[in-house]
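I wanted a walk through this fold, strand by strand and helix by helix. My notebook entries are below the picture.

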Amino acid sequence: MHHKTTKNTDRRSFIKKASMASAAMTTAPFILSASKGERLVLSRTYKDGLFSANDHINIGLIGSGIQGIYDTRAALSVDGVKIVAACDLYTGRLDRAKELWGKDLFVTRDYRKLLGRKDIDAVIVATPDHWHKKIAVDALKAGKHVYCEKPMVQKWEDGKEIISTQKSSGKICQIGSQGMSSLTNEKAKQLYKEGAIGDLVLLDFYNDRYSAEGAWQYPIPPDQSPDTVDFDTFLGNAPKVAYDPTRFFRWRNYKDYGTGVAGDLFVHAFSSLHYMIDSFGPTSALATGGLRYWKDGRDVPDVSITLYDFPKTETHSAFNAVFRVNFIAGSGGGSGFKLVGTEGEMEIGWNTVSVRRSKLNMDPGDYSLVAFTEKTQGAIRSNHSTVSPENRNSVLQTGTTTWETPRDYKGAHHDHFHNFFTAIREKGKTIQDPTFGLRAAGAALLANESYYKKSPVKWNPTEMKMMG
């Protein structure tokens, strides 16, 4: 199922490195200086080059909304990439695309016209979730490389078709969870593999928000109308309803078109987690939550809590995960992603990775000894006075060290597109192919399955399908 990793060997290797005063050791120096709270700077070298006009990768954008624009900006930050076309169902966004990328940009409401252009090498699919599978499959069949926004699919059952189409087409398909290719994820993966936190026992992920924008109450433009918005095409295979600009511009709030907080936020965490620990995903989920504040017609919860069970594999111990999102966090908001192990914890952000190692106290204290006589207390303490060399060394391995990205770092979003375009040019592999994408999406979407069924659900992470 996974490549074999001997965690005990890694742990012993990590402790051995920590006892050697060698700056050449990969992660060892942080333990030696951890008590000082040292901060270390990460680095990355890009293999960019000069590309002629004939050697550019020409891209087309399908879905020129918020994420589509951010995706395209990140794509264009990579050398040798040019945008030549954009598609959207709202004419105002097509006007905006021309403002951003030139009046000569080809624009259309019909994505099929974009796929029919021979000058387009790759497309970005940044549509509402319920269109991802259809457009990604059509694009691959049209001979285009595909960057598809997360979650890869709205329904896990749709994932296998993208996987098979990508393989038969021979084209590159990258799923767009932009934090995946970051320097911090890369460092966290290395630290975990070297045993920095011991055996994993818990993942703690949360995302708190406290604004209308953060709760997906996006602005609705004053020129919206059935003439400027192709609402019937937007609906696609969703239930037919009368023209409703709120559904179009705030589609994330409706399960007919989106995937709620699970597909928008949980999937990022699953993508990073699976990458860091080489996991295929959880086997079960139990979700709760509700619509507590943003009662604006939406039918997805604004508070969501899901508990996941991960099985023991060759790359990780059995552990639990807690995923929490709150769109009405009176604290003001914040987020966190923390791996908690038997010997420490690792917190991963966009620009930092921090490892804190603690000493596990195995000695009895006054609380547990109070019921014994003074003589018995002395005998018990004496029996605990002998400590193995390994445990003695661990006393020195405490404190926190943080790795941070350099000031000129181009960012995780740039890195994800750099990986995509490098795979196209070198006929290589992406960091997040459709199989990886389905495992991340499927795991995240378990939260919705459990929430609406009001019961636990089971998942086969190897075969990527629901059980029972």
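**Ground rules**

I am working on a predicted model, where local features need pLDDT of at least 70, side-chain atom pairs count only at pLDDT 80 or more, and totals for chains, interfaces and linings use all residues. Residues are numbered from 1 along each chain as its sequence is written, and side-chain values use heavy atoms, with hydrogens and water left out.

I took helices (H or I, at least four residues) and strands (E, at least two) as DSSP runs, numbered from the N terminus. I called two strands paired if DSSP finds at least two bridges between them.

**Entry 1: the parallel sheet**

I looked up the strand order first. Six strands make an open sheet, ordered β4-β3-β2-β5-β6-β7, with parallel pairing. At the edges I found β4 (106-108) and β7 (173-176), each pairing on one side only. From one strand to the next, the twist averages 20°. For angles, I used axes that are lines fitted to C-alpha atoms (for helices over the stretch in contact), and angles run from 0 to 180 degrees between N-to-C directions.

β2 (residues 57-62) and β5 (residues 122-125) are parallel and share four bridges. Ile62 has Val125 in β5 as its bridge partner.

**Entry 2: Ile124 in β5**

I stayed on β5, where Ile124 is found. Is Ile124 buried or exposed? Ile124 has a relative accessible area of 1%, so it is buried. The cut-offs are under 20% for buried, over 50% for exposed and partly exposed in between, with a 1.4 Å probe and protein chains only.

Next I listed contacts, meaning heavy atoms within 4.5 Å. Leaving out residues up to four places away in sequence, Ile124 touches Ile59, Gly60, Leu61, Ile62, Asp71, Thr72, Ala75, Tyr147 and Phe417. I also noted Ala139, 15 residues from Ile124 in sequence and 9.7 Å away in space, C-alpha to C-alpha.

**Entry 3: His145 in β6**

His145 sits in β6 (residues 145-149). Its relative accessible area is 12%, so His145 is buried. Beyond its neighbours within four places in sequence, I found His145 in contact with Asp121, Ala122, Val123, Lys171, Ile172, Phe420 and Ile424. The His145 side chain reaches the backbone nitrogen of Ile172 at 3.0 Å.

**Entry 4: helix α4**

After α4 comes Gly102, with a positive phi near 110°.

**Entry 5: Tyr111 in α5**

I moved on to α5 (residues 111-115), which holds Tyr111. Tyr111 counts as buried because its relative accessibility is 10%. Apart from residues up to four places away in sequence, Tyr111 touches Ile62, Cys87, Trp131, Lys134, Ile135 and Asp138. With Asp138 there is a side-chain to side-chain polar contact at 2.5 Å. I counted a polar contact as a pair of N or O atoms within 3.5 Å; within protein, one must be able to donate a hydrogen and the other to accept it, and residues adjacent in sequence count only if both atoms are side-chain atoms.

**Entry 6: α7 against α16**

The axes of α7 (residues 159-169) and α16 (residues 434-453) come within 9 Å and cross at roughly 170°. That makes α7 roughly antiparallel to α16 (angles under 35 degrees count as roughly parallel, over 145 as roughly antiparallel, 65 to 115 as roughly perpendicular and the rest as oblique). From α7, Gly159, Lys160, Ile162, Ile163 and Gln166 meet Pro434, Thr435 and Leu438 in α16.

**Entry 7**

In β9 (residues 284-290), five of seven residues are buried. β9 runs antiparallel to β10 (residues 303-310), joined by seven bridges. Gly290 stands opposite Val303 in β10. β9 also pairs with β16 (residues 457-460), antiparallel, over two bridges. There Ala285 faces Val457.

β10 and β11 pair antiparallel over eight bridges. β8 (residues 200-208) and β11 (residues 319-326) are parallel, with seven bridges.
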